[in-house]
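Reader: Got this one open in the viewer and want to talk through how it packs. Can you take me through it?

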Amino acid sequence: MTTTEPTHDLAGLPANPPLDDLDEEPTTTIAPWRPAPPGVAPFSPPPPRRGRRGRPATAALPDFERTEPRRSVVTGPDGEPVERAKPGRSPFLVLLVLVSTIGILAYAGFLLNPGNRGDIIPYVLVIVAETVLVAQALSAMWTILAGGDDPRDFAFHRAQARLLDQRPDRDDREAEIRLDGRAVLVDVFITVYGEELVKIRATVEAAVAMRGLHRTWVLDDGRSDEVRDLAEELGAHYVRRLSSGGAKAGNVNHALSIAKGEYFAIFDADFVPDPEFLVETMPFFIDPGVAFVQTPQAYGNLDTTMARGAAYMQAVFYRFIQPGRNRFNAAICVGTNVVFRRRAIDEVGGICTDSKSEDVWTSLRLHERGWRSVFIPQVLAIGDAPETVEAFSKQQLRWATGGFEILLTANPLGPRRRLTSDQRLQYLVTATFYLTGICPLLLLIVPPLEIYFDLRPMNLAITPGTWLLYYCGFYVMQVVLAWFTLGSFRWETLTLATVSFPIYTKALLNVISGKEVGWHVTGGSGAKRSPFDFMVPQLLFLLFLALTSVVAINRDVENGVLTIATAWNVTNTLILGAFALTGLREARRLKRPDLQPAPVLRSAAASAEPRTVVARPADLAMPAIPAPASISAPIPAPTITVRRSTGVHRSPIGPMPRRASPPHLLADRAAAPSGGGS
């Protein structure tokens, strides 16, 4: 097969996107690049969303974690950059972690003391749940203490000082990106699967406007003509598959068969990148061993309980855990706001398509091959957290399924894993993390066992004060650490951590049974379902615990003493009740059309001129009209059609392997359908 040769003129974007080595020619639609219109601002993120009290919603990371003001590189008398002093870890944080560790160990010793053991059933439930929680807490403390070093070393600052080939007559967006004195080509992929058009516009505009010469590609698995037109308007390439195999990972792998840059960045459609994204990430690739550079996920739509809870749940991970994993070369990719080295991904066979958590699996394979990963705790893109119970449930189900798949099918401790000891431990923590979400289910059962059957987890000789002392030494210190991270107590995080056990239990059962989990995007534009469709287990538990609380309170009133079981059960009831109220408020919003975003209208009229590049086998190269009953005329060789400002240009791409297809399917395949993917 012959194709048009791409023009890699780094002084301007390539005249034609490279089309050699297409893997899915029958299902490929690519819109040509054209310069952004003069009216498009260099960087125009969407206006800040307002919270319930009219205040702008802020990103879900502490202030010093957000993008810092741009600082020029400090240079010495010889013009060489001078390495900055690294900002070591906070002494208060070290003290807080050490005290938390002491509290964790003391609580573990208290539980494991044979003299404190109570009845076997509740005791086993508590020991199993608390063992998982204690192990995760200790690993988190160890990782936090290991972190603190800034990954930006002297080589980084030197590469950053020479990164952009800036000239007086050239815009920053057209400045070549140079590493080690050589110009490199960077592709920026924006994965789209039915998100709202306004969100896609903000992301594409910001991606096109990033400093440094790059090519922006909109990878549309939603197959929307409106997204295609938007990409053309904003000056981005457009790629459409007619199949959705491999979900997001398959979408990226397909784009890699077309785009041939040495590096590529990935953004979800709702993550708006900062203009400095490439400037802050590309210098790390001066080290030939770096496979990817990951930046945090931060959120700007913190105007619902679900969005705030989902965002705050990740704050400790991005502020402390991921930076600590740098020390062990175990920082993981999170699927968006990341830059990859193309050669590293080619070495592991592309982005992993065997799991819905393709990011963690791809990280694992890269680390097994000896590649290095870098995480920088600097917010360089702002996105949307799940705003509804449905979106949160589907997101967490997908993430938890990926974690359990690693635990059960790719045991990090297994002898076949080519990982260092530190990496094995970190991936084991990742694989078992979502077990902590199942632990609340076990602990919710303990108080009713005492209230109804007089079964206690601890010895009757232990006073409530003693039990609370050890209990608070563990849990209160975890709350204090989260408070230090977020700046205040976030009840939304506590609520979601307690009530999400049905999601994680389902994920574990799905992996054990081999049940496939569908792909769902966060913040899609489809019809929203009632939140109560995803809250049935929680509502049943709420009813049971509420009745149990009534029984317990009545018993304590008669006995004249308040028991720990009653206080514990009432607390659990209040937490589940808060979640139920959240669902009720969401259901009311869904019934108010005036509070819902306006639907994205689709254009009914088709363009008369070709707007896309189409590559398909000879037997599919025919107009998008109903196929005739038989085909007798010879089929012309397919062409690549590119719409330019000066007219229409056609170039033959030569014969392709013929693939037999029933005549009644030809028109359906030739016409790229619009609408959401399955």
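Reader: How many residues are in the largest nonpolar core, to start with?

Author: Bear in mind that this is a predicted model. Ile177, Val204, Val218, Tyr263, Phe277, Met282 and Phe285 have the most contacts inside that core. Both helices and strands give it two or more residues, among them strand E3 (176–179), helix H4 (197–208) and strand E8 (263–268). In total, the largest core has 47 residues.

Reader: And how many residues are in the second, separate core?

Author: Look for Tyr107, Ala108, Phe320 and Trp568, which are included in that one. The second core has 32 residues.

Reader: How is H14 oriented to H19: oblique or roughly perpendicular?

Author: Helix H14 (residues 439–453) packs on helix H19 (residues 564–590) with the axes 9 Å apart, and the angle is about 135°. Roughly perpendicular stops at 115 degrees and roughly antiparallel needs over 145. That angle therefore makes H14, relative to H19, oblique.

Reader: What about H12 and H13: is the crossing left-handed or right-handed?

Author: Helix H12 (residues 389–409) and helix H13 (residues 421–432) have axes 7 Å apart, at an angle of about 125°. Gly403, Phe404, Ile406 and Leu407 in H12 meet Leu428, Ala431 and Thr432 in H13. As for how H12 passes H13, the crossing is left-handed.

Terms used: Residues are numbered from 1 along each chain as its sequence is written. This is a predicted model: local features need pLDDT of at least 70, side-chain atom pairs count only at pLDDT 80 or more; totals for chains, interfaces and linings use all residues. Side-chain values use heavy atoms; hydrogens and water are left out. A nonpolar core is a set of buried Ala, Val, Leu, Ile, Met, Phe, Trp, Tyr and Cys residues joined through side-chain atoms within 4.5 Å. Buried means under 20% relative accessible area, exposed over 50%, partly exposed in between (1.4 Å probe, protein chains only). Helices (H or I, at least four residues) and strands (E, at least two) are DSSP runs, numbered from the N terminus. Axes are lines fitted to C-alpha atoms, for helices over the stretch in contact, and angles run from 0 to 180 degrees between N-to-C directions. Angles under 35 degrees count as roughly parallel, over 145 as roughly antiparallel, 65 to 115 as roughly perpendicular and the rest as oblique. A crossing is left-handed if the near helix is turned anticlockwise from the far one by less than a right angle, and right-handed if clockwise. Contact means heavy atoms within 4.5 Å.
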